[in-house]
Amino acid sequence: MKPLRAANPPVIPPEEIDSFMDDVFHNILEIRDVNRRLVEVMEVRQREQYPIIQKIGDVFLTAATDFRVVYPNYVGNLPVAEKRLKDELESNAEFRRFVEVLRVCQNNKE
């Protein structure tokens, strides 16, 4: 998301970037936060019960309350995100090149 917003020159017209980001990424930051909290709680549990974790189900039951709020919203938006991304890739050569460069960079990191 940051490279897309920072692209210079812009690959998505500035007047469309907010709409594009909302359509494509929707509530991904909320998903990240929910997952981050789950990881933090699991790390605490691991420190508290090392070397053998006695129980973990309660952690997931608590996390499920967060999941049930953000994931349905995310999944419900997937058709919108896929269509908007496909349309932009097909109609915007600069965006298509931008995505291809990011993929190459990501593959080189692996």
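Helices α3 and α4 are roughly antiparallel to each other in this predicted model, where angles under 35 degrees count as roughly parallel, over 145 as roughly antiparallel, 65 to 115 as roughly perpendicular and the rest as oblique. Helix α3 covers residues 28-49, and its axis packs against that of α4 at an angle of about 170°, with the axes 9 Å apart; axes are lines fitted to C-alpha atoms, for helices over the stretch in contact, and angles run from 0 to 180 degrees between N-to-C directions. Helices (H or I, at least four residues) and strands (E, at least two) are DSSP runs, numbered from the N terminus. In the contact, defined by heavy atoms within 4.5 Å, residues of α3 including Ile 31, Val 34, Leu 38 and Val 41 meet residues of α4, among them Phe 60, Phe 67, Val 70 and Tyr 74. By class, the contact of α3 with α4 has 13 nonpolar, 1 polar and 5 charged residues, where Ala, Val, Leu, Ile, Met, Phe, Trp, Tyr, Cys and Pro count as nonpolar, Asp, Glu, Lys and Arg as charged, and the others, Gly among them, as polar.

Residues are numbered from 1 along each chain as its sequence is written. The model being predicted, local features need pLDDT of at least 70 and side-chain atom pairs count only at pLDDT 80 or more, while totals for chains, interfaces and linings use all residues, and side-chain values use heavy atoms, with hydrogens and water left out.

Helix α4 (residues 57-91) also packs against α2 (residues 17-25), at an angle of about 130° and with the axes 7 Å apart, which makes α2 oblique to α4. This contact involves Ser 19, Phe 20, Asp 22, Asp 23 and Val 24 of α2, together with residues of α4 that include Val 80, Arg 84 and Leu 85; its residues divide into 5 nonpolar, 2 polar and 4 charged. The axes of α4 and α5 come within 5 Å and cross at roughly 110°, and the two helices are therefore roughly perpendicular to each other. Here Leu 85, Glu 88, Leu 89, Glu 90 and Ser 91 of α4 contact Ala 93, Phe 95, Arg 96 and Val 99 of α5.

The largest pocket holds about 340 Å³ of space. On a 1 Å grid over the protein atoms alone, a pocket is an open set of points where a 1.4 Å probe fits, with protein on both sides within 12 Å along at least five of seven lines, and lining residues have an atom within 4 Å of a point. Of the 15 lining residues, Val 24, Phe 25, Leu 85, Phe 95 and Val 99 lie nearest the centre of the pocket. Helices α1 (2-6), α2, α4 and α5 (93-109) each supply at least two residues of the lining, and the largest share, 5 residues, comes from α5. The lining has 13 nonpolar, no polar and 2 charged residues.

Some features of the backbone lie in the loops. The peptide bond from Asn 8 to Pro 9 is cis, with omega near 10°, and Pro 9 lies in the loop between α1 and α2. Another cis peptide bond joins Tyr 50 and Pro 51, with omega about 5°, and Pro 51 lies in the loop between α3 and α4. His 26, which is not a glycine, has a positive phi of about 45° and is placed in the loop between α2 and α3.

Notes. Points joined across faces, edges and corners; volume = space filled by probe spheres on them.
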